[in-house]
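Here is a short briefing on a predicted model. Look at the sequence and the structure first, then work through the points by topic.

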Amino acid sequence: MSHGPRSGLAAVSSALLAMSRHLEVRDVLKTIVASARELLDAQYAALGVPDDHGGFAQFVVDGVSEEQWKAIGPLPRQHGILAAMLHEARSERLADVRKDPRFEGWPKAHPDLVDFLGLPIRDGDEVIGALFLANKNCEKPEGGCGFTADDEELLGILAQHAAIALTNARLYERSRELTIAEERSRLAHELHDAVSQKLFSLRLTAQAAARLVDRDPSRAKGELHQVAVLAAEAADELRAAVVELRPAALDEDGLVATLRTQVQVLDRAHTARVTFACHGVKALPASQEEAVLRVAQEALHNALRHSGADHVDVTLDRRDGGAVLRVTDDGCGFDPQAVRRAGRHLGLVSMRDRASGAGGTLTVESVPGKGTTIEMEVPGG
């Protein structure tokens, strides 16, 4: 090991504490990878969580810039040495990964990996991930690997704790999803009971007014007045339900963490690469946070369902005490004027209403064939 016993123990302790502080799966994965690379002084580290289709549900890297990662292209498949770690559940320590008979090459933009240390992350008998490091920053023995047996033992300890942290994060996310589902079900029942009764009365009253128009106009006028009253009450019921539907994650985690989690979920669920970056934004007034989240959700829905984009980037930046949300895609784009003339809105009206209601502004930039950018600015508190 490159550290002395005391400093090495302190580094391991710091890594384990960092893992235990996070509850979001993606954050746990990033912390594991960064901790492993720093602890063993390697140039590159990565962790892949396999899916059931020969690929990876998540693949997190450290030591590679965002630009490099985009240039590398799609996530790797379960093949070569990665597959061996996943399927044979054994560690791999190689002097030169490129000379291993299982090596199948990598994309042109991929960094050149030489010495390699990897091992599976296991939860009992189940392999839930593959963690590996490459290019140790040290003098290499002639024909040998820079990673030592001590390094392998240390990484094994880290992997054991990583399995616990990753399992706990998964359980937390599932628990929260169940809580949200139960709350939505409850609200759906309440909404149905409250609003459907009002709408039923509204329909009967309107029918009565229609029958009275010709033979008793004054009574018909009274019935129509009642229609207006019932409609207003139904609108109030709907508004109350919408207020109660404020995302629970906003209250628990805040806007930044909620946006990051939703983007990560969409990135896993769609073929398009969906990214999120935040610069300087900590918190906003509650009404603004909800408005920003809803606009982001609508813009992401449009980009992923209608634009055919390969990349969708979400950014949240601080500006003059407030914040600017920007959702940009490289999809097919559209002509905003033509959409307006055709009576289609793509959710633009509701997004503008939300921005205005939060004291902010919304701008839409789109050209056919050149993608779309939705930008929302709110003033802050």
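Helix 2 is followed by Asp41, and the phi of Asp41 is positive, near 55°.

**Helix 2**

- Helix 2 covers residues 25-40, and its 16 residues should span 22 Å at 1.5 Å a residue. The C-alpha atoms at its ends lie 23 Å apart, which agrees.
- How many of the 16 residues of helix 2 are buried? Twelve are, so the helix is mostly covered.
- Among the buried residues are Val25, Val28, Leu29, Ile32, Val33, Leu39 and Leu40. The buried set also includes Arg26, Asp27, Thr31 and Ser35.
- Glu38 also belongs to helix 2. Is Glu38 buried or exposed? Glu38 is exposed, because its relative accessible area is 66% and the cut-off for exposed is over 50%.
- Glu38 and Asp62 are 24 residues apart in sequence. Their C-alpha atoms are 9.7 Å apart in space.

- Five strands form an open sheet in the order 2-1-5-4-3. The pairing is antiparallel.
- Strand 2 (56-62) and strand 3 (92-94) stand at the edges. Each has a single partner strand, so one side of each has no neighbour in the sheet.
- Neighbouring strands of this sheet are turned by 15° against each other on average, direction ignored.
- Strand 1 (residues 42-50) and strand 5 (residues 126-136) run antiparallel and are joined by six bridges. Within strand 5, Phe132 stands opposite Ala46.
- Helix 2 packs on the sheet and touches strand 1, strand 2, strand 4 (116-123) and strand 5. The direction of helix 2 makes about 40° with that of strand 2.
- Helix 4 (residues 80-88) packs on the sheet too, touching strand 1, strand 2, strand 3, strand 4 and strand 5. The direction of helix 4 makes about 140° with that of strand 5.

**Strand 4 and its partners**

- Strand 4 is mostly covered, with six of its eight residues buried.
- Three bridges join strand 4 to strand 3, and the two run antiparallel. Here Phe116 in strand 4 is the bridge partner of Leu94.
- Eight bridges join strand 4 to strand 5, again antiparallel. Phe116 stands opposite Ala134 in strand 5.
- Strand 4 and strand 5 form a hairpin with two residues between them. Gly124 in the turn has a positive phi of about 70°.

- Another open sheet has five strands in the order 6-7-8-10-9. Its pairing is mixed.
- Which strands stand at the edges? They are strand 6 and strand 9, each with a single partner strand, so one side of each is left without a neighbour in the sheet.
- The twist averages 10° from one strand to the next.
- Strand 9 and strand 10 run antiparallel and share six bridges. Glu365 stands opposite Thr373 in strand 10.
- Helix 10 packs on this sheet, touching strand 9 and strand 10. The direction of helix 10 makes about 145° with that of strand 9.

**Thr275 in strand 6**

- Thr275 is found in strand 6, which spans residues 273-279.
- Is Thr275 buried or exposed? Thr275 is buried, because its relative accessible area is 15% and the cut-off for buried is under 20%.
- The side chain of Thr275 makes a polar contact with the side chain of Asp313, at 2.5 Å.
- Leaving aside neighbours within four places in sequence, Thr275 is in contact with Glu66, Val263, Val312, Asp313 and Val314.

**The nonpolar cores**

- The largest nonpolar core has 36 residues. Leu316, Leu325 and Met376 touch the most other members.
- Elements that give two or more residues to this core include helix 7 (248-269), strand 7 (311-319), strand 8 (322-329) and strand 10 (372-378).
- Which element gives the largest share of this core? Helix 8 does, with nine residues.
- A second, separate core has 30 residues, including Leu133, Ala159, Ala162 and Leu166.

Technical notes. Residues numbered from 1 in each chain as written. Predicted model: local features only at pLDDT ≥ 70, side-chain atom pairs only at ≥ 80, totals over all residues. Heavy atoms only, no water. Helix = DSSP H or I, 4+ residues; strand = E, 2+ residues; numbered from the N terminus. Buried < 20%, exposed > 50% of the residue type's maximum accessible area, 1.4 Å probe, protein only. Polar contact = N/O pair within 3.5 Å; in protein donor to acceptor, adjacent residues only side chain to side chain. Contact = heavy atoms within 4.5 Å. Expected span 1.5 Å × (residues − 1). Pairing = 2+ DSSP bridges. Axes fitted to C-alpha atoms, helices over the stretch in contact; angles between N-to-C directions. Core = buried A, V, L, I, M, F, W, Y, C linked by side-chain atoms within 4.5 Å.
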